[in-house]
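Dear colleague,

I am handing over the structure below, and after it you will find my notes on what was found. Please read them with the structure open beside you.

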Amino acid sequence: MGISIQNLTHVYHPGSPFAVDAVHDVDLEISDGEYVCVIGHTGSGKSTLVQHLNGLLRATSADKMEIEGIDLLQKKPDWRALRRRVGMVFQYPEYQLFEQTVFDDIAFGPKNMGVEGDELTAAVRDSMRLVGLPEETEQMSPFELSGGQRRRAAIAGVLSMRPRVLVLDEPIAGLDPTGKQDILRVIDAYHSKTRATIIMISHNMDDIVSVAGRVIVMHEGRKVLDGSPEDVFSDPDRILALGLGLPTVSRIVREMNARGDHIPASVCRKEDLVRFLTEGRA
Amino acid sequence: MREMTLGQYYAVNSPVHALDPRTKILSVISMMALIFLCRTFCGLAACACFVLAVSFAGHIPLSKMMSSLKAIYFLLLFTFLLNVFFNQSGAVLWQWGILNLTSGGIKRALFMALRLVLLVTGAGLLSFTTSPIELTDGLESLMTPLKKLRFPAHEIAMMMSIALRFIPILTEETDKIRKAQTARGANFDSGSLYKRAGAVVSLLVPLLVSAFRRAEELAMAMEARCYHGGEGRTRLKVLRFHASDAVAAAVVLALAAFIAADQTVIVSLLPDWTG
């Protein structure tokens, strides 16, 4: 199944003087079970791009839009099926909590999808366990939770729909380091448990190299780089020219090479650097 | 981009836009009074010329002017019909059952409809050419004399500008939450009434919570910067009258003089068919 998009273009306010070409001619092929990170400067079109994946935005023009077996170019795609298959976690998702209890809030998604009774309870409890919310929080108001817990409850509200594709827009923004690690672990656990496709927008390059199997770089509405983290970060000057940062390890490699070392620029993970330095120099 | 959602302000550079907001507010108030006082078609025509001339000088396209009438189409029609059939003066032109169409009725109905159109388009001129921020500044300045009577002019103006400032923020927030809940299967456009009400709750509760949160943050930020109300406060943009304001005032006075003259001359010459 997977995701297959060709020549996607999205223009905000078309025909008005405020028209903005947010996404331009993007091709995207993502197979099942991939862990993809999308990076790019503010306004590069990454959020616009991912909002097409579950139909929150409709393409201004596209030659092909097939997502998890649903053709989005047909007149009336089955939105409900699409939204069940593609879950979307927005920035600061804790601001969408609204129900009286954590349980009800997490149940909101699957309930809308027609899940009922024991199946619903199981779905809610499963995702609470997955995000690490203790069972006693179930009957608490979402507003009684701590910041990190609220974020996890909100993510649980998306996971409870059991999406086959999970899209996350900067899920770790504004959390402390422990909170960040918790969320990344939750995403990783969901990925390995269900083999779901993960598409995550992030600004933290170090997290990206440690979790992503593939990195897509957006710039001014276009997809400019697409490949494994090693490929993408192997041209550090290009990344810097796009206004993006480098992973810490790439920065160290760059610095060492500037002082006369010859470490391949594709080394961007800590383990790889350590291995290279210990084995390569021996 | 954000300005788009803020009221009806039509952002171009024109002599009308450049006028002091106080001049514009007072002119619009006087014009409305004139429209109400005026009792002849001739006077209304003068007002219409004034409105058209100002919209031309302000570079406001006619289509934009007409769009401000959209809100009162129904009222306009209602007023017209009511006047046509309930004013039974003059010659009977057409009769059907209890409905009488008289020349006096038609005149009266046209007069009332024109008056309404002018009132609305005239008020529209103010909001097209004056940004909401200028408007509140102007209002605050005009209300200053009332401070002597312990009227909280500054506070009211501050509340107005904060409210205006928050419109685009809350619009954006609504859009975000709506998307997030749609992604969770909430349906705002179709489905049973019960389901749709549930979807609206999922939008309103987070919106309300965030409005309170933002209000609290703003209050804190204002307090941290020692905000203490209007007393002794200076402003970044000081309102000043220019020569063009004098010209504008002269034009409005001329209009008033014309209508006053028109009233006394014509009323004394013609039979009073409007009353």
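**Notes on the model**

B:Phe50 is buried, at a relative accessible area of 14%, where buried means under 20% relative accessible area, exposed over 50% and partly exposed in between, with a 1.4 Å probe and protein chains only. This is a predicted model, in which local features need pLDDT of at least 70 and side-chain atom pairs count only at pLDDT 80 or more, while totals for chains, interfaces and linings use all residues. Residues are numbered from 1 along each chain as its sequence is written, chains are lettered from A and ligands numbered from 1 in the order in which they are written, and side-chain values use heavy atoms, with hydrogens and water left out.

B:Phe50 is found in helix 3 (residues 41–57) of chain B; helices (H or I, at least four residues) and strands (E, at least two) are DSSP runs, numbered from the N terminus. Leaving aside neighbours within four places in sequence, B:Phe50 is in contact with B:Met31, B:Val251, B:Val252 and B:Leu255, contact meaning heavy atoms within 4.5 Å.

Chain B is divided into domain 1 (2–130 + 241–269) and domain 2 (143–224), with bounds that come from an automatic or database domain assignment. The centres of these two domains of chain B, taken over C-alpha atoms, are separated by 34 Å. B:Ile162, which lies in helix 8 (residues 153–183) of chain B, is partly exposed, with a relative accessible area of 26%. Beyond four places in sequence, B:Ile162 is in contact with B:Leu218 and B:Met222.

Strand 1 (residues 92–96) and strand 2 (residues 99–102) of chain B run antiparallel and are joined by 4 bridges, two strands being paired if DSSP finds at least two bridges between them. They form a hairpin with 2 residues between them, and B:Gly97 in the turn has a positive phi of about 60°. The bridge partner of B:Trp94 in strand 2 of chain B is B:Leu101.

As for confidence, the mean pLDDT (the predictor's confidence in each residue, from 0 to 100) of chain B is 84, and 94% of its residues reach 70 or more. Within chain B, confidence is lowest in strand 1, at a mean of 77, and highest in helix 2 (residues 21–37), at 91. Over residues 1–6 of chain B, pLDDT stays under 50.

In chain A, helix 3 (residues 102–112) is largely enclosed by the rest of the structure, because 9 of its 11 residues are buried. Among these buried residues are A:Val102, A:Phe103 and A:Asp105. What covers them includes helix 2 (79–85), helix 4 (117–131) and helix 5 (147–159) of chain A, together with helix 8 and helix 9 (193–224) of chain B. Just after helix 3 of chain A, A:Gly114 takes a positive phi of about 95°.

A:Ser44 lies in the loop between strand 3 (35–40) and helix 1 (46–51) of chain A, and at 2% relative accessibility A:Ser44 counts as buried. A polar atom of the A:Ser44 side chain lies 2.8 Å from the backbone oxygen of A:His41. Leaving aside neighbours within four places in sequence, A:Ser44 is in contact with residues including A:Ala22 and A:Met218.

With kind regards

Key: Polar contact = N/O pair within 3.5 Å; in protein donor to acceptor, adjacent residues only side chain to side chain.
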